[in-house]
Amino acid sequence: EKIRIEIISLGLTESRIASDETIEQLFVEWRLYNFLAEETPLSLPKPTSGQRIHYNYSNVIHVDKANNDARREYLKSMLLKPDLHTDSLRFTVVSDPPEDERDLECEDIGFAYVSLREIFQKQRDIIEQDIDVFDSQDDSTVIGKLKVTVEALHALRSVYEECKDD
C-alpha cells in the first residue's frame with residue numbers, strides 16, 4: 001500500500017537554461033497535491049548538452065488505510081472525479097544558488113508531471129521513463145528530460161476496490 005517515486009536522472013536541451021551561466025546547481029522537488037513535498041538531498045552541477053546528471057533518489061509515500069486515511073481519501077476523489085486538476089505528481093527542477101551567493105534565492109526553472117489517473121487508466125506503472133520538463137517561464141517550451149519511476153498502480157487499484165465497496 002505505497003507509491004514509490006524514483007528520480008533517476010536529468011538532461012537538458014539547448015534552451016535558455018542551458019546557456020544561463022547563473023544556473024549552476026540543480027535539484028529536483030516532487031509534490032503530491034498539497035500533501036507532500038520532498039526534494040533530492042543533493043543539488044548537482046548543471047549538465048552540459050548531451051549529458052545527464054544522476055540523482056538515483058527514491059522515496060515512498062505510504063497510503064495504507066491504517067495510518068494514511070487522508071492520502072487514501074485524496075486518491076479516491078482523484079479516481080472518482082476526473083475533472084480534478086490535482087491528479088498529477090509534480091516534479092520541479094530548481095536552481096540552487098552557489099555557496100558564495102547565498103543571497104540569491106532558489107529558483108524554479110522547470111516542471112514535469114506524471115498523472116496518477118493515467119497510470120490507473122492504462123494499468124501501467126511508469127518505469128525508468130523520460131518525461132518532458134517544461135520551462136517555468138514558458139510552459140510550451142521543453143527544457144529537458146527527467147527520467148523517473150512512479151510505481152502507483154497497486155495502491156491505486158487497492159483504493160479503487162475500496163471505492164467500489166463503499
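**View 1. Helix α2 and the elements packed around its buried residues.** In this predicted model, the buried residues of α2 pack against β1, β2 (25–32), α3 and α4. Those buried residues are Arg72, Tyr74, Leu75, Lys76, Ser77, Met78 and Leu79.

View 2. Helix α4 covers residues 153–165. Which residues of α4 are buried? They are Leu153, Ala155, Leu156, Ser158, Val159, Glu162 and Cys163. The elements they pack against are β1, α2 (69–80), α3 (116–122) and β9. The length of α4 can be checked in the same way: 13 residues at 1.5 Å each should span 18 Å, and the end C-alpha atoms of α4 lie 18 Å apart, which agrees.

**View 3. An aromatic pair between helices α3 and α4.** A search of the whole structure finds one aromatic pair. The ring centres of Phe120 and Tyr160 are 4.9 Å apart and the ring planes meet at 50°, so the pair counts as tilted. Phe120 belongs to helix α3 and Tyr160 to helix α4, so the pair ties together parts that are 40 residues apart in sequence. Are these two residues buried or exposed? Phe120 counts as buried because its relative accessibility is 14%, under the 20% limit. Tyr160 has a relative accessible area of 30%, and is therefore partly exposed.

**View 4. Strand β1 and its two antiparallel partners.** Strand β1 (residues 2–12) and strand β9 (residues 138–151) run antiparallel, joined by eight bridges. To find your place in this pairing, look for Leu10, which stands opposite Leu146 in β9. Strand β1 also pairs with β5 in the antiparallel sense, over nine bridges. Here a handy landmark is Ser9, which stands opposite His54 in β5.

**View 5. The β8–β9 hairpin.** Strand β8 (residues 126–135) pairs with β9 in the antiparallel sense over eight bridges. How many residues lie between β8 and β9 in their hairpin? There are two residues between them. Within the pairing, Ile126 stands opposite Val150 in β9.

View 6. The covered face of β5 carries Ile53, Tyr55, Tyr57, Asn59 and Ile61. The uncovered face carries Arg52, His54, Asn56, Ser58, Val60 and His62. Ile61 sits in strand β5, which covers residues 52–62, and it counts as buried because its relative accessibility is 0%. Beyond its neighbours within four places in sequence, Ile61 is in contact with Glu1, Lys2, Ile3, Ile5, Trp30, Leu32, Leu36 and Arg71. For a sense of distance, Ile61 and Tyr113 are 52 residues apart in sequence, and their C-alpha atoms are 17 Å apart in space.

**View 7. Gly110 and its surroundings.** Gly110 is part of strand β7 (residues 107–115). This glycine has a relative accessible area of 0%, so Gly110 is buried. Which residues does Gly110 contact, leaving aside its neighbours within four places in sequence? Its contacts are Phe91, Thr92, Val93, Val133, Phe134, Asp135, Ser136 and Ile143. Gly110 and Glu24 are 86 residues apart along the chain, with 14 Å separating their C-alpha atoms.

View 8. The protein has four helices and nine strands, in the order β-α-β-β-β-β-α-β-β-α-β-β-α from the N terminus on. Its C-alpha trace spans about 55 × 30 × 25 Å along the principal axes. A compact globule of 166 residues would have a radius of gyration near 15 Å, and the protein has 17 Å, which agrees. Buried residues make up 46% of the 166. Among contacts between residues at least 6 apart in sequence, 63% join residues at least 24 apart. The accessible surface comes to about 8,900 Å², with 45% of it belonging to carbon and sulfur atoms.

Terms used:
Residues are numbered from 1 along each chain as its sequence is written. This is a predicted model: local features need pLDDT of at least 70, side-chain atom pairs count only at pLDDT 80 or more; totals for chains, interfaces and linings use all residues. Side-chain values use heavy atoms; hydrogens and water are left out. Two strands pair if DSSP finds at least two bridges between them. The expected span of a helix is 1.5 Å times one less than its number of residues. Buried means under 20% relative accessible area, exposed over 50%, partly exposed in between (1.4 Å probe, protein chains only). Contact means heavy atoms within 4.5 Å. The radius of gyration is taken over C-alpha atoms; the globule rule is 2.2 Å times the number of residues to the power 0.38. Accessible areas come from the Shrake-Rupley method with a 1.4 Å probe; for residues, only the protein chains shown count as cover. Rings of Phe, Tyr and Trp (its six-membered ring) pair if their centres lie within 6.5 Å; planes under 30 degrees apart count as stacked, over 60 as edge-to-face and the rest as tilted.
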